Amino acid sequence: MEGRPEEDSELFARAQRGDTAAYEEIVQRYQQVAFRTAYLITSSAAEAEDAAQDGFMKAYRALARFRAGADPRPWLLRIVANEARNRVRSSGRRHGLELRLADDFRPGDAAPSPEAAAVASEDRQRLLALVNALSEEDRLVVSSRYFLELSSEETAAALGIPEGTVKSRLSRALARLRTSMDEEASRA
Amino acid sequence: MPELEQELVALGRELAWPSTPAIATAVRSRITPRPGVLRAPWYQSRWALAAAALIIAVTALLAYNPTREAIADWVNVHVLFQRVNVLPTPSPQPPGPLGKRLGLGAQTTLAGAANDVTWHIEIPTSLGSPDEVYLELPPGGPALGEVTLVYSTRPGIPVAGETGVAVLITEARGGINDQFFGKMLGPGTNLEEVTVRGHHGYWVSGSPHQFVFIDASGTIKYETMRLATNTLILDDGGTVVRVEGNLTKARAIEIATSLG
C-alpha cells in the first residue's frame, strides 16, 4: 500500500522537535521553487545554489519562529530570496538575466500544423524577448508571478514588497508588454 | 485569466531553467552532526594541552620551589589545583536588569548576536525563541564571545531561585574536559556522561556552582553557574552549550536534542 505524503504541518512539527530527516523532506519539496526564485534574483546558478542552501539553513535555525499551520512557501521563499538579495548587494555584481526557451521546446505537440507550430514558436520567442527587455523590477514581478507561478502573497514575500505593490507592478508590466506587442504588430 | 497572462504561464513552462542542485542533501549534511570527522591530531588534544601545562608546572616547582599559587599564576591553570569541599552560597542578587544581575553581558537580539559572532548560535526548537538574548564579547567573555539565551517561563519548568528564569542556555566556542571541571564539583554533586545527537556531554546534578571549559583560543575559562541548578553541558561540534534550569535529565536532553 502506498503511503500518503506527509502534510507540511506534520513535517514542520517533526522538524521543530529536532527531526533532521523531516527538515530534509521539507527542503526537498521546496528546493526547486526556492532555487529558481534565487536564480531570478541573482542571475547566477552558482549564487542561487548558495543562497538557497544558506536560506534553508537560516530557516532551519528559525524553525521555532514558524507558526504552526501557516503556509510554509511564502515563509521559506522570503528567507531564501532575502539571502539572494544580500548576495547580490554584497558582491556588487549585477548580471542581466536572459531567460531562454528550453532546447527541447516543441510547440508542434500542441499545434494543429507545422506552420502553426512555427508561428507558436516565434510568438513564444518574441514574448520572451519582450519580457527580457523589461526593467529588472518589472521582469522580476512577471517572472515570479507567471513563470514560477507564485501566488501574489508568495511573490510579495519573494520580492520583499507589499502584496499591493505586486499587483500595481504587475499591472504596469503587463501594460508595457501589451504596448510593445502592439508596436511590433504595427511594424510588421 | 486574460490571454497574455495565460501565454506567460505557458511560456514559463517552456523555459530552460538551470537544473536544481541537491540542496536538501547538502542541508541535511550541514544539520546532522558527524562525530569524529574533524578530530584534531593527538598533539592538539585537550589531554595533551593539560599534560603540557602540568609538566610546565612541575618543572617550575622543581626548579624554583615557589608556592603552588605562584605557579598557578604563571601558567593560568588555577583549576588544576582547586578542590572544593564546601559549596559556595550564591550571593544575594544585586538590583538591576537580569543580564547585569547574572553577569550575562550586553542585551541584544538573536539577529544582533548572530551578526556579532562568527559561529552559529543554536536555538532549541523545543523551547522556541528566547525571551532575552545576551552577548559577552572578549575581554569579559571567552574568545569569539559567549551568547546566553534566557527563557523566563516555560510550561512544566519551575523558575529558578530569585532570577525569574526557567532555563538559561549559554553557548561559546571551545571544548570541555571532565578532568578540569570534575574537580570543581563539591560533595553532593554528581557528574554523569551523556551523549546527545552523537555529541559528548555531561549531566551535572545536585547544585553545581562552577564550570570550566577551554575557549576557542585555548584559554581555560572559569565561570560560575548562573542558576546553580542541574546543568547539562554539551560539546556540540566545537560549541560548548550549557543548559541550566530546574530540569530533569530527560527534559534537559530533550532540549539539547532540539538544538539547531
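User: What makes a residue of chain B count as buried, and what share of the chain is buried?
Analyst: A residue is buried if 20 or more other C-beta atoms lie within 10 Å of its own, exposed if 12 or fewer, and partly exposed in between; C-beta atoms are placed from the backbone. In chain B, 33% of the 260 residues are buried. This is a predicted model: local features need pLDDT of at least 70, side-chain atom pairs count only at pLDDT 80 or more, and totals for chains, interfaces and linings use all residues. Residues are numbered from 1 along each chain as its sequence is written, and chains are lettered from A and ligands numbered from 1 in the order in which they are written.

User: Why does Ser43(A) count as partly exposed?
Analyst: Ser43(A) has 19 C-beta neighbours inside 10 Å, so it counts as partly exposed. Ser43(A) sits in the loop between H2 and H3 of chain A. Helices are DSSP runs of H or I with at least four residues, and strands are runs of E with at least two, numbered from the N terminus. Ser43(A) is not a glycine, yet its phi is positive, about 60°.

User: And what makes Glu149(A) partly exposed?
Analyst: Its count is 14 C-beta neighbours inside 10 Å, so Glu149(A) is partly exposed. Glu149(A) lies between helix H6 (136-147) and helix H7 (152-159) of chain A, in the loop. Its phi is also positive, about 55°, although Glu149(A) is not a glycine.

User: Why are H1(A) and H2(A) called oblique?
Analyst: Helix H1 (residues 8-16) and helix H2 (residues 20-42) of chain A pack at about 140°, with axes 7 Å apart. Axes are lines fitted to C-alpha atoms, for helices over the stretch in contact, and angles run from 0 to 180 degrees between N-to-C directions. Angles under 35 degrees are roughly parallel, over 145 roughly antiparallel, 65 to 115 roughly perpendicular, and the rest oblique. Therefore H1(A) and H2(A) are oblique to each other.

User: How do you know that the buried residues of H2(B) line one face?
Analyst: Helix H2 (residues 23-31) of chain B has Ile23(B), Ala24(B) and Val27(B) as its buried residues. Seen down the axis of H2(B), they fall within an arc of 95°, so they line one face of the helix. The arc is that of the directions from the helix axis to the C-beta atoms. Their cover includes H2 and helix H3 (45-61) of chain A.

Definitions and conventions: Contact = placed C-beta atoms within 7 Å.
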